[in-house]
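Open the model in your viewer and keep the sequence panel beside it. The stops below say what to select next and what is there.

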Amino acid sequence: MAVLYDYNRNELESFEVIDLFSILENYIARRMIAKIPSNSLNKVISTLYRDLKRLREDSNGEIAVKDLFSYQVLTKTSTAKMPEDFTMIDHLRTNDFYNINPYFRTYFFERLENYGHTEDLQIYQGVWERKYSVEHIMPRRLTLAWQQELGVNHKKIHQKYLNQLGNLTLTGYNSKYSNKTFIEKQNMEKGFKESHFVNLNKVPAQSDSWSEREILKRSDELIEMALNIWEYPQTEFVPRLHEDELIIFDGEQTFTGYKIRGYCFQNDEYQIVATWKEFFVQFMRELTEISSMPIIELMKGEGSNGLEGLFSGEPSTTNSEVISGVYVYIDLSNVRKMGYIKRLMELFNLDFSTLKVDAIKYGNKEENFEKDIEFVD
């Protein structure tokens with residue numbers, strides 16, 4: 001809504017809106033394909049456009065919105081991460097695409113089928129009206145003819161590939177197809193050879209039989225198509241770091257009276273954050289990427305370093321999720337936040353200097369007092 005609001009105020013061009021929504025669609029679709037839980041997306045998406053505007057201001061409008069937004073989603077980590085191609089390929093090859101959310105399944109197959117079309121097929125409408133449905137090419141129940149078609153390993157092939165991408169397609173004639181042999185499905189009236197689902201039924205239309213080889217061939221072709229549809233963003237943009245303002249953590253700073261803009265941890269990858277709470281939670285998530293076991297042990301109350309009460313297994317209004325089922329307490333002053341970060345870095349045997357904070361001190365007492373409400377929540 002914020003994007004459309006700025007578009008209506010002529011602050012964004014139409015092509016920039018398209019770029020933003022396309023990248024966001026790819027981000028969400030890739031996460032769904034990779035089965036990444038969506039419970040963290042509300043907070044992520046709610047801050048994306050705000051951070052984009054900050055990047056745009058910092059670059060004086062000289063960097064394309066597409067590059068700025070691509071940088072944002074590519075630098076998300078932990079539960080907010082955008083899956084890379086190798087992760088996508090693995091899930092596209094092995095996921096059950098039949099027993100999934102039916103709305104996403106329809107979207108998924110519609111995007112595959114309409115890729116490269118000059119005129120899109122109204123697949124959502126067709127599914128809603130029950131004119132189209134998802135069809136197993138190799139059927140859910142193997143007849144004797146299908147057992148012979150698949151060969152001696154028919155049970156193994158059936159169990160492994162039945163609901164995978166390579167064996168699923170769209171059809172308007174599911175009830176007629178039933179358990180017919182592959183050749184019958186292919187050559188019947190409006191069968192695979194006459195199907196108007198050109199992308200999805202290309203391999204079935206051209207094949208002489210249907211076995212593990214054809215399923216894998218079709219899977220590879222659809223995977224290649226999917227990687228083009230939900231493209232992984234590319235950008236050479238790197239935010240301008242205020243090197244003179246990046247503060248190397250020494251274990252003693254509390255940052256009381258400072259506003260945070262971002263940070264670097266372990267490498268030079270700059271992470272944008274708007275509040276100290278956001279920084280605290282994001283830092284905890286990055287720790288779990290190093291190893292989740294120390295955090296889980298602390299949640300269970302194992303240890304004697306004063307960190308045990310920081311984590312819990314129950315959500316509340318005063319904590320935030322770090323990894324699935326693990327929550328960190330966030331109703332803390334900056335003094336306590338940085339104190340906990342210091343002790344956790346010691347627990348993980350991390351050098352304090354691996355954390356650099358981009359923060360600026362507020363200029364006057366009145367502003368400092370008002371902003372400290374954010375620091376001491």
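**The whole chain**

The protein has 17 helices and nine strands; helices (H or I, at least four residues) and strands (E, at least two) are DSSP runs, numbered from the N terminus. This is a predicted model, in which local features need pLDDT of at least 70 and side-chain atom pairs count only at pLDDT 80 or more, while totals for chains, interfaces and linings use all residues. Residues are numbered from 1 along each chain as its sequence is written, and side-chain values use heavy atoms, with hydrogens and water left out.

Of the 377 residues, 47% count as buried. Buried means under 20% relative accessible area, exposed over 50%, and partly exposed in between (1.4 Å probe, protein chains only). Among contacts (heavy atoms within 4.5 Å) with a separation of 6 or more, 68% are between residues 24 or more positions apart.

**Helix H2**

Select residues 14–33, which are helix H2. H2 has 20 residues and reaches 28 Å from its first C-alpha to its last, close to the 28 Å expected at 1.5 Å a residue; the expected span is 1.5 Å times one less than the number of residues. Its buried residues include Val17, Leu20, Ile23 and Tyr27. They pack against helix H1 (2–8), H3, helix H4 (65–74), H5, H6 and H13. Just after H2, Lys35 takes a positive phi of about 60°.

The axes of H2 and H6 come within 12 Å and cross at roughly 115°. Here axes are lines fitted to C-alpha atoms, for helices over the stretch in contact, and angles run from 0 to 180 degrees between N-to-C directions. Which residues make the contact? On H2 they are Glu25, Ala29, Met32 and Ile33, and on H6 they are Phe104, Tyr107, Phe108 and Arg111.

**Helix H13**

Next select residues 212–229, helix H13. Its 18 residues should span 26 Å at 1.5 Å a residue, and the end C-alpha atoms are 25 Å apart, which agrees. Among its buried residues are Ile215, Leu222, Met225 and Ile229.

**Asp51**

Go to helix H3 (residues 41–58), where Asp51 is found. Is Asp51 buried or exposed? Asp51 is buried, because its relative accessible area is 1%. Leaving out residues up to four places away in sequence, Asp51 touches Gln72, Ile272 and Glu278.

**An aromatic cluster**

Select Phe255, Tyr258, Tyr263, Phe265, Trp276, Phe279 and Phe283, which form one aromatic cluster. Rings of Phe, Tyr and Trp (its six-membered ring) pair if their centres lie within 6.5 Å; planes under 30 degrees apart count as stacked, over 60 as edge-to-face and the rest as tilted. By this rule the count comes to 17 aromatic pairs.

Tyr263 and Phe279 are edge-to-face, because their ring centres are 5.1 Å apart and their planes lie at 70°. The pair links distant parts of the chain: Tyr263 is in strand E4 (residues 258–265) and Phe279 in helix H14 (residues 276–290), 16 residues apart. Tyr263 is buried, at 0% relative accessibility.

Now move to Trp276. The rings of Trp276 and Phe279 have centres 5.7 Å apart and planes at 85°, so this pair is edge-to-face. Both residues lie in H14, three residues apart, about one turn of the helix. Trp276 and Phe279 are both buried.
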